[in-house]
There are 4 protein chains.
Amino acid sequence: MSRKIRYGMIGGGRGAFIGGVHRIAANIDGQIELVCGAFSSDPQRSKDSGADFFLSADRCYGSFEEMITKEAALPADQRMDFVSIVTPNHVHFPAAKAALEGGFHVLSDKPATLNLEEAKALAEIVEKSGKLYGLTHNYTGYPMVKQAREMVSSGQLGKIRKVVVEYPQGWLATRIEASGQKQAEWRTDPKRSGAAGCIGDIGTHAENLAEYITGLKISELAADITSFVEGRQLDDDGNVLLRFDNGAKGILHASQISVGEENNLNIRIYGEKGGLEWRQQEPNTLLAKWNDQPTQIYRTASGYLCQAAAAAGRIPGGHPEGYLEAFANIYRNFAAHVRSEIDGTAPDANVLDYPKIEDGVRGMAFIEAVVQSSAENAAWTKLNA
Amino acid sequence: MSRKIRYGMIGGGRGAFIGGVHRIAANIDGQIELVCGAFSSDPQRSKDSGADFFLSADRCYGSFEEMITKEAALPADQRMDFVSIVTPNHVHFPAAKAALEGGFHVLSDKPATLNLEEAKALAEIVEKSGKLYGLTHNYTGYPMVKQAREMVSSGQLGKIRKVVVEYPQGWLATRIEASGQKQAEWRTDPKRSGAAGCIGDIGTHAENLAEYITGLKISELAADITSFVEGRQLDDDGNVLLRFDNGAKGILHASQISVGEENNLNIRIYGEKGGLEWRQQEPNTLLAKWNDQPTQIYRTASGYLCQAAAAAGRIPGGHPEGYLEAFANIYRNFAAHVRSEIDGTAPDANVLDYPKIEDGVRGMAFIEAVVQSSAENAAWTKLNA
Amino acid sequence: MSRKIRYGMIGGGRGAFIGGVHRIAANIDGQIELVCGAFSSDPQRSKDSGADFFLSADRCYGSFEEMITKEAALPADQRMDFVSIVTPNHVHFPAAKAALEGGFHVLSDKPATLNLEEAKALAEIVEKSGKLYGLTHNYTGYPMVKQAREMVSSGQLGKIRKVVVEYPQGWLATRIEASGQKQAEWRTDPKRSGAAGCIGDIGTHAENLAEYITGLKISELAADITSFVEGRQLDDDGNVLLRFDNGAKGILHASQISVGEENNLNIRIYGEKGGLEWRQQEPNTLLAKWNDQPTQIYRTASGYLCQAAAAAGRIPGGHPEGYLEAFANIYRNFAAHVRSEIDGTAPDANVLDYPKIEDGVRGMAFIEAVVQSSAENAAWTKLNA
Amino acid sequence: MSRKIRYGMIGGGRGAFIGGVHRIAANIDGQIELVCGAFSSDPQRSKDSGADFFLSADRCYGSFEEMITKEAALPADQRMDFVSIVTPNHVHFPAAKAALEGGFHVLSDKPATLNLEEAKALAEIVEKSGKLYGLTHNYTGYPMVKQAREMVSSGQLGKIRKVVVEYPQGWLATRIEASGQKQAEWRTDPKRSGAAGCIGDIGTHAENLAEYITGLKISELAADITSFVEGRQLDDDGNVLLRFDNGAKGILHASQISVGEENNLNIRIYGEKGGLEWRQQEPNTLLAKWNDQPTQIYRTASGYLCQAAAAAGRIPGGHPEGYLEAFANIYRNFAAHVRSEIDGTAPDANVLDYPKIEDGVRGMAFIEAVVQSSAENAAWTKLNA
């Protein structure tokens with residue numbers, strides 16, 4: 001098949017944030033094409049947004065339901081191949097459900113749904129549909145995250161004993177949602193964001209990253225979450241003790257009131273033989289630590305990287321790759337999987353390396369466990385997934 | 001005008017490096033479309049390469065001359081708007097000349113030409129053609145480089161006294177050109193690379209960066225360049241003393257035999273009141289230094305940045321932007337300028353912020369001065385531009 | 001009074017570690033003189049050790065009791081002014097008690113005692129004795145730690161909301177105590193180390209640092225401590241949720257099995273208006289973070305520092321001061337306080353800035369709370385001090 | 001011999017800077033004792049200064065001549081063993097000459113003398129005297145500098161090709177010497193400082209560091225030095241191209257007008273196989289760089305260090321050692337050498353690792369070559385030593 005993979009976008013019209021990120025991620029490699037969208041629930045706004053991307057008005061729909069119906073009715077050589085969902089959280093489930101049941105593959109922003117129940121239902125829908133479902137836990141797209149995973153799974157660190165994962169931000173240190181900041185508004189509203197604020201928005205990224213790299217599962221946790229900013233309904237900070245299924249212990253903390261922090265996701269992992277450290281704000285560096293030899297600085301696009309890390313880089317070492325390239329790696333793999341579905345060929349192993357509905361269910365189970373544990377004064381709570 | 005800007009690529013077929021970078025840079029913002037190419041001087045290879053980008057065979061040409069002639073003959077609503085030149089250096093001049101004289105805007109990889117004489121000739125051709133000419137000195141596309149320039153031009157540092165600019169790499173520490181490494185092969189061949197190796201390939205980036213940020217001109221220099229690797233015809237390392245037109249002094253050194261260095265372009269600038277430091281490998285950080293207060297860490301996408309730096313970022317702070325985004329900023333501005341030419345509107349000031357033929361002439365004058373100075377045992381040599 | 005302050009050392013003979021650190025700390029400023037010691041419970045070993053420091057054999061005692069008795073009997077112009085206690089933990093209390101009751105000031109290594117009960121008893125003894133008692137929580141001796149404290153207490157950060165304090169080490173990742181490593185041996189032995197291993201040895205430093213800088217008290221905690229290395233009797237890793245008396249939340253974790261970590265004590269503090277970050281391994285840098293302006297890099301010995309931080313530096317900025325200088329700051333202040341006691345003058349405020357028995361009681365209360373909480377599966381536990 | 005080594009100090013009275021550093025360096029290890037001094041040419045000021053160090057007035061002399069004469073007349077068991085010279089540069093030579101000819105070993109601050117002629121004369125005096133002469137090029141005292149030297153000499157980097165050594169400071173960016181700043185005053189006065197300012201004060205440290213680590217000699221140089229601050233008689237900035245005796249090329253630049261820089265001495269060295277990077281402001285880290293494997297972070301006090309680096313550390317890894325400890329390493333080795341002279345034993349190899357008169361002659365030859373080259377518009381100039 002010699003054409004670009006085609007997608008339609010749900011959400012992401014003018015004034016949105018993450019929609020623009022998805023579009024860039026889709027654009028980068030020249031393999032994917034935006035052909036339609038339901039960019040807004042306001043039909044005119046949807047058309048106006050679509051015009052920004054040079055779409056014709058008849059492919060800019062006023063609702064995701066309309067988009068799915070009308071695209072399904074188009075000839076196969078015009079119709080979109082998958083939908084990309086970039087709305088606030090509460091729309092993730094209905095949009096994904098409609099798309100999957102309408103015969104389209106889905107690539108959704110995280111968290112997968114508004115709550116765990118929906119996530120489990122969605123998992124069944126995905127399975128029944130036979131369609132592909134991807135979730136943009138984009139931080140797993142970084143080359144050095146893949147290198148870290150390989151170093152754990154190949155046993156270089158020995159049995160994992162300790163994990164420290166952090167995600168501090170500072171942008172919600174004051175009540176900016178009250179002043180009309182759109183991103184803050186829906187994220188602090190339980191109806192659109194879900195049971196957790198900070199923990200749902202960024203805590204799940206931390207949880208996903210820890211499980212992705214270590215290959216372990218968090219079995220139980222004890223959480224203390226807080227709303228520091230007066231009048232805010234959802235948590236803006238959370239501290240969590242972790243226990244993993246292999247006996248490892250850990251700490252996860254996420255915050256949106258850590259003044260002066262930008263987007264400082266980072267993780268440290270210690271095994272019996274070695275340790276790793278990775279920091280998202282300088283993502284092309286991975287430190288490997290040992291007790292009896294110098295710490296090593298692994299770098300994106302170096303010749304000594306594992307196959308998965310090498311495949312996730314685009315340019316030579318020292319030419320920094322960033323957030324958008326990592327995000328694009330999710331899109332690239334997902335689109336390659338879509339392509340192999342269309343072609344009826346088997347995807348290669350790298351292509352399968354993108355987050356799926358199982359990650360979504362884990363994330364929602366994590367959120368629910370954190371909220372429940374904290375409500376019970378940090379009682380140990382198992383993840384129901 | 002509501003369509004993407006269309007371009008054709010000269011060079012950049014299978015096996016090339018910088019062509020892929022240009023294509024990603026063009027893709028990122030969804031404003032530019034690759035519509036044709038002369039990807040190789042072998043017509044079949046050109047078509048094969050074009051197929052990788054989903055181009056139809058009839059828009060994949062066997063030479064740039066053919067591409068320019070045939071595209072010029074296409075209806076206006078199909079024809080490419082500009083050409084992107086990504087060949088080895090010796091093709092830059094003839095390709096640019098042909099495109100400009102054929103009525104197309106040109107965005108060329110650097111250095112502009114094979115030598116200073118060609119560069120000066122090209123400047124005249126550009127002027128006569130009335131077409132736009134851009135040069136991908138891509139490092140000036142970084143937001144923090146623009147912030148640095150603004151901090152100098154607004155006088156925050158006081159009069160500039162000293163500039164230290166470095167560009168060490170290590171990849172040519174051994175004679176890899178003898179083993180068939182394509183990138184090394186042409187860069188070490190005077191016929192395709194020009195009078196200088198390392199100084200032409202990366203020294204010019206350093207020169208351009210220093211002049212871009214400071215707004216000063218290098219007036220004269222004393223250079224000591226070396227071919228460390230036996231059998232290599234061109235320099236692989238160069239050390240240069242600089243004198244600027246305002247009396248500032250400086251140092252520029254570039255190297256491709258600095259083992260273990262990736263792409264470590266960096267610059268420090270000191271004025272009477274403050275200093276700046278920027279390092280390309282961690283490009284989202286700019287240090288501002290003062291004698292009587294703490295050093296400040298300026299960061300991409302922060303609220304306190306100048307307008308040009310703000311415009312050059314795409315995503316919130318802490319989401320690292322890298323080399324490809326900086327490169328895309330050159331494409332974005334150039335394409336916006338092309339769009340305003342088509343629309344007959346005045347471009348805004350930001351749009352004009354991309355390197356032009358004047359930068360190309362400066363770069364070639366720099367190369368010639370370095371080579372001449374070094375041949376005369378580091379005699380002070382003025383830049384002839 | 002124009003002479004050096006004189007001290008005798010308890011512990012710290014050949015093969016010991018921390019004794020040597022104390023001696024250097026005492027030496028640095030030329031204000032303090034080692035005049036005697038009970039370096040070992042083996043009298044000959046004590047004399048041999050003393051000879052290394054050029055002490056005459058008659059001032060090298062076979063027990064701290066002997067030292068205290070015999071020194072007390074010396075003429076005032078020869079007798080030691082204070083004792084320095086550098087033994088394993090179980091000797092701290094009896095040695096301090098004997099010295100205080102024998103009329104000598106005491107500067108003790110931490111933790112203050114073997115358990116909380118002893119610590120409270122010691123507090124009474126100190127008070128009754130009228131003698132000075134200092135505790136070498138040496139990390140509070142760093143200039144940038146003092147700067148951090150000042151920035152909190154002066155309100156620059158606003159009300160404190162979150163504290164993250166870490167102390168990872170890796171040296172006990174394997175069971176080196178079984179192979180005769182002396183430092184590991186006593187630290188992993190409950191009889192000599194106390195109820196906690198890692199938490200007692202380094203966790204207390206983290207606790208002390210957090211309370212010193214913030215001026216807050218930990219009110220309750222939930223702890224999960226672990227012995228990862230088989231056969232080890234005491235914890236070698238601990239993760240703790242914190243709640244402070246002003247409503248702030250926090251995390252403290254300490255580890256001696258974090259492979260590849262050296263002595264990576266670090267702290268981050270976030271208030272309503274600003275944040276701070278300090279890392280012991282690069283102790284001359286303090287980051288101050290803000291949401292609306294660039295992060296600032298405060299540096300040791302800069303002109304803009306607060307008075308306490310300025311007084312704690314010895315040399316101009318950029319001449320790195322380290323662990324020994326910070327340790328020496330405790331000695332210097334303590335000795336100056338001793339000197340003012342001898343002279344009958346009032347010490348100035350800086351001089352009083354060294355850890356005292358109250359810090360020791362807090363530390364022991366912290367250890368006991370951690371151990372108890374962990375035994376109750378991380379139940380919230382109040383500090384009994 | 002079981003006693004401390006005794007020294008007298010020339011210079012370093014109240015208000016001086018480097019004298020205090022020398023005294024701390026001498027104190028740290030408890031092996032050396034200050035017994036007398038000619039702290040000032042004003043006898044009362046000398047006595048007042050001595051009282052600060054608890055010296056009796058009769059050992060505080062009004063001139064170095066008096067000190068040398070009177071100390072020589074003391075009984076052997078009281079007399080100083082060596083002198084430490086910490087005056088402005090113009091006194092270095094006469095004081096060292098007098099001490100050596102008076103029968104005392106000498107440890108002098110750098111540069112060795114006021115000019116090259118004096119340095120060569122001093123070399124002869126040292127040789128004739130049979131006494132030891134040490135020079136406090138203190139930066140060679142850092143453990144990681146010694147590790148770097150070992151990695152070069154053992155061939156791990158291959159043949160050295162390129163050296164970049166920098167020493168930027170910012171404290172003389174304005175004319176503070178005119179406002180009575182004592183340290184600035186004499187350093188900018190040719191009569192007391194010599195033919196060069198910045199190049200003499202700190203450029204020589206850079207030169208010494210480069211030659212120490214590489215084991216190479218600078219054979220010729222081309223220099224461009226500048227007095228940026230109006231009214232200043234000596235250079236406050238210098239840029240120098242280097243050629244080494246093995247064919248390596250290099251760059252040295254030193255500056256005291258680089259606003260915001262503290263004391264940022266740093267060096268990078270590239271051989272055919274590997275590279276090294278060391279920065280004085282974070283002195284416990286040494287980067288080793290390779291083209292085909294991750295960069296390694298060597299750290300002070302790690303188990304894998306060479307013998308010389310290990311011997312130069314005092315405390316475990318992660319407990320940062322700084323400027324004063326490095327300085328103390330020069331004192332410790334020199335004092336150990338003095339001790340072996342007194343005892344008539346052979347010093348071990350480590351002990352001999354301190355800078356000597358040969359380093360002093362090299363430094364003065366470097367200064368003279370820089371000044372001469374710059375006067376001839378950066379003509380290549382050979383070092384006359």
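With a relative accessible area of 31%, D:Ala301 counts as partly exposed, a class that lies between buried (under 20%) and exposed (over 50%), using a 1.4 Å probe and protein chains only. The model is a predicted one, so local features need pLDDT of at least 70 and side-chain atom pairs count only at pLDDT 80 or more, while totals for chains, interfaces and linings use all residues. Residues are numbered from 1 along each chain as its sequence is written, chains are lettered from A and ligands numbered from 1 in the order in which they are written, and side-chain values use heavy atoms, with hydrogens and water left out.

Back to D:Ala301: its phi is near 70 degrees, which is a positive value in a residue other than glycine. The residue sits in the loop between strand S13 (295-299) and helix H10 (307-311) of chain D. Helices and strands here are DSSP runs numbered from the N terminus, with helices being H or I over at least four residues and strands being E over at least two. Another positive phi turns up at B:Asn377, near 60 degrees, again in a residue other than glycine. B:Asn377 belongs to the loop between H12 and strand S14 (381-382) of chain B, and its relative accessible area of 40% makes it partly exposed. For background, most residues other than glycine have a negative phi, and most peptide bonds are trans.

Cis peptides come next. In chain C, the bond joining C:Lys110 and C:Pro111 is cis, with omega at about -5 degrees. C:Pro111 falls in the loop between strand S4 (105-108) and helix H5 (116-129) of chain C. In chain D, a cis bond links D:Lys110 to D:Pro111, with omega at about -10 degrees, and D:Pro111 is placed in the loop between strand S4 (105-108) and helix H5 (116-129) of chain D.

On to the aromatics. A search of the whole structure turns up 52 aromatic pairs over all chains, where rings of Phe, Tyr and Trp (its six-membered ring) pair if their centres lie within 6.5 Å, and planes under 30 degrees apart are called stacked, over 60 edge-to-face and the rest tilted. One of these is the edge-to-face pair of B:Tyr7 and B:Tyr331, at 6.2 Å centre to centre and 65 degrees between the planes. This pair ties together distant parts of the chain, since B:Tyr7 is in strand S1 (residues 5-10) of chain B and B:Tyr331 is in helix H11 (residues 323-343) of chain B, 324 residues apart. Both partners are tucked away: B:Tyr7 is buried at 1% relative accessibility, and B:Tyr331 is buried at 0%.

Helix H11 of chain B takes part in another link through B:Phe334, which lies 252 residues from its partner B:Phe82 in strand S3 (residues 82-85) of chain B. The ring centres of B:Phe82 and B:Phe334 are 5.3 Å apart and the planes meet at 80 degrees, so this pair is edge-to-face. B:Phe82 is buried at 0% relative accessibility, and B:Phe334 is buried with a relative accessible area of 0%. In chain A, ring pairs build a cluster whose members include A:Tyr7, A:Phe82, A:Trp278, A:Tyr331 and A:Phe334.

Charges also sit over rings, meaning that NZ of Lys or CZ of Arg is within 6 Å of the ring centre and within 35 degrees of the ring normal. A:Arg243 lies over the face of A:Trp380, 3.6 Å from the ring centre, and D:Lys356 lies over the face of D:Tyr354, 4.3 Å from the ring centre.

In chain A, helix H1 (residues 18-27) packs against helix H11 (residues 323-343) at an angle of about 70 degrees, with the axes 8 Å apart. That makes H1(A) roughly perpendicular to H11(A). Axes are lines fitted to C-alpha atoms, for helices over the stretch in contact, and angles between N-to-C directions run from 0 to 180 degrees. Angles under 35 degrees count as roughly parallel, over 145 as roughly antiparallel, 65 to 115 as roughly perpendicular and the rest as oblique. In chain B, the axes of helix H5 (residues 116-129) and helix H12 (residues 357-375) come within 8 Å and cross at roughly 170 degrees, and H5(B) and H12(B) are therefore roughly antiparallel.
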